[in-house]
Amino acid sequence: MSSLELELSGKTGMDQEVEQELFRRIAILEENTAEREKEIEPLKKCDWILAAVLFACSILLVILSNIIFY
Amino acid sequence: MGETNTSVNREAIFGLLPVLPSERTWNFWDFASVNVGLAIATWCFLIGGTMSFFVDLKMGFVAALAGNTTAILIMAAATTLPSARYGLDQYTSLRSVFGVQGSKFALLMMVFVEFLWCAVLSVMFGRAMQNIYENFSGKSGSGVVLLIAFAIVAILISWLVVWKGPVTIRIFNLIVAPGLGLMMLVMAYLLVRDVGFSGIWIAPPLDPAPDAWWNFMIAFELNLGAGFSWWPIMGGLARLTRGERSAFWPNMLGINLAAVVGTMIGLASALTIGTDDPTEWMVPLGGPVFGVLALLFVAFANITSIMSLAYSTCLALKQVRTFLLMDWGKLTATFFIPAVIIVFFPYAVYDNFGSFLAICATFYGPLSGIYFVDYFLLRRQKLNLRHIYNMSPASGYYYWGGVNWVAVASFVTSIPVYYLFLDPISFASTTPFVWLTASLPSTIYAMVIYYVLMKWLVLSKNLGAYETGSVGSRTEKAVP
């Protein structure tokens, strides 16, 4: 029995069949972290910068509206 | 064996198991079309109609764009990114925040709200179809029975599609979403053609308060609430995307920009024609054939929204053991039963939409904030799948009796903070509201108090498995 099964077996609240599938999936995800990161690419720095800029622009839009229109 | 694998593979899609990278079915444009299909529904027009009492088109556009962008950036970062990275349903990954049992607290609250959303959308579908029927038959005042019947048809169609799973939802949205986009442009064209752009542009708000800036902040607050109210469902959808960019940025196209366009159409029509309901003006302005086609698309816009909402919610219900063991078809049917009951009171649903939206804002903002702080600031985007699925006291996410009471307390105390600024039912406000809104202070409060209390009461006691690389018994297997 793998350490994963030792750690989780009977503790997930799932049926045995589903639990075995869960163990298989967790093992795949833990073993292939580098592969997974290539497949499920995280957001890059430019994405975060763009998100921050959009957030700031939204707040600025409200402030400018007050100055210009009210 | 093959049949067993098939059923278990289906369970992975329909259930609580992490979706493997090879199983992700939605690319950027797939999720964008699902997003657009979700965003464009009669609720956009209703929000626009509510705003028409407070602001004109120009300020309505600013309020809608700024409010939705601000809220959706926080909400989408908090919900879609963890789900995309780990392939987890949102309520499963929430076990890292609220505890392995405490996540059910967020679930319970959310499910009740989603019943109501399904009912609201079904009633709106019913109204659209009722208007089509009355235009074709020449009979007005067809009565509530027909409306209810059509609302139940909406639920039935939605159930049939959701039962088949996310592939069917994706296909349905790929067909309907472009049509919705086109329909929005046509609606805008009809309004401009018949009312004139200058007429729309200068049309004053219908019943504004004396303080013009207060009116604007109310409109901004409504859109913050609308943006945060997507919290319950986006994570469950994002787990099927192929990357974090595919999970995050489509929200800006769909539930942000597309929703803003829909809101503007509702606002413009309410300001100039006197109703935000396109089912009442599409046929008079567009003619019988075109008007009816447009109405059908609007009606089905509600169906696409119900589908995505129901899929995400039913996935979340798998947290509860009774539903975990239930067949997907039965589970989805069970979910729709309360909505069927609620649609028998269609006017109670429809007439209280504005208050319903405002109340949603009181708690989805803080929930987004708490989730954001936990995942990005405290966990540095690292979740431990073993702890997530371990429901025993040995789990790093067990906290106290399975519940992170700090998260619960942070959330519960943030709700009265909202009321310090604005009463979401009466719109009575205090002075700070006109500069700060109500959603933003309550969200920021939740974020700050959660961060401080977690550092003081949880991390200092080595609870919650927050140590970098710590995964219980295997310290080298932190799953980034």
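What area is buried between chain B and chain A, and what percentage of it do carbon and sulfur atoms give? In this predicted model, about 4,500 Å² is buried between the two chains, and carbon and sulfur atoms give 66% of that area. On the side of chain B, the residues that lose the most area to chain A are B:Arg245, B:Trp249 and B:Arg386, which together account for 14% of what that side buries.

The interface can also be described by its contacts, as tabulated here.

| Item between chain B and chain A | Value |
|---|---|
| Residues of chain B in contact with chain A | 57 residues |
| Residues of chain A in contact with chain B | 44 residues |
| Salt bridges | four salt bridges |
| Residue pairs in polar contact (both at pLDDT 80 or more) | nine residue pairs |

The side chain of B:Arg386 forms a salt bridge with that of A:Glu30, at 2.8 Å from N to O. Several elements of chain B give two or more residues to the side that touches chain A, including α1 (2-14), α11 (212-228), α13 (244-248) and α21 (385-389). The largest share of that side, 13 residues, comes from α4(B).

Chain A also carries a nonpolar surface patch. A:Leu60, A:Ile63, A:Leu64, A:Ile67, A:Ile68, A:Phe69 and A:Tyr70 make up this patch, and their accessible area together is about 680 Å². One of these residues, A:Leu64, lies in helix α4 of chain A, which spans residues 45-69. A:Leu64 has a relative accessible area of 38% and is therefore partly exposed.

Technical notes
Residues numbered from 1 in each chain as written. Chains lettered and ligands numbered in written order. Predicted model: local features only at pLDDT ≥ 70, side-chain atom pairs only at ≥ 80, totals over all residues. Heavy atoms only, no water. Patch = residues over 30% accessible without salt bridge, like charges linked within 9 Å, V, L, I, M, F, W, Y side chains within 5 Å. Areas by Shrake-Rupley, 256 points an atom, 1.4 Å probe, with all protein chains shown as cover. Helix = DSSP H or I, 4+ residues; strand = E, 2+ residues; numbered from the N terminus. Buried < 20%, exposed > 50% of the residue type's maximum accessible area, 1.4 Å probe, protein only. Contact = heavy atoms within 4.5 Å. Buried area = accessible area lost by both parts, 1.4 Å probe. Polar contact = N/O pair within 3.5 Å; in protein donor to acceptor, adjacent residues only side chain to side chain.
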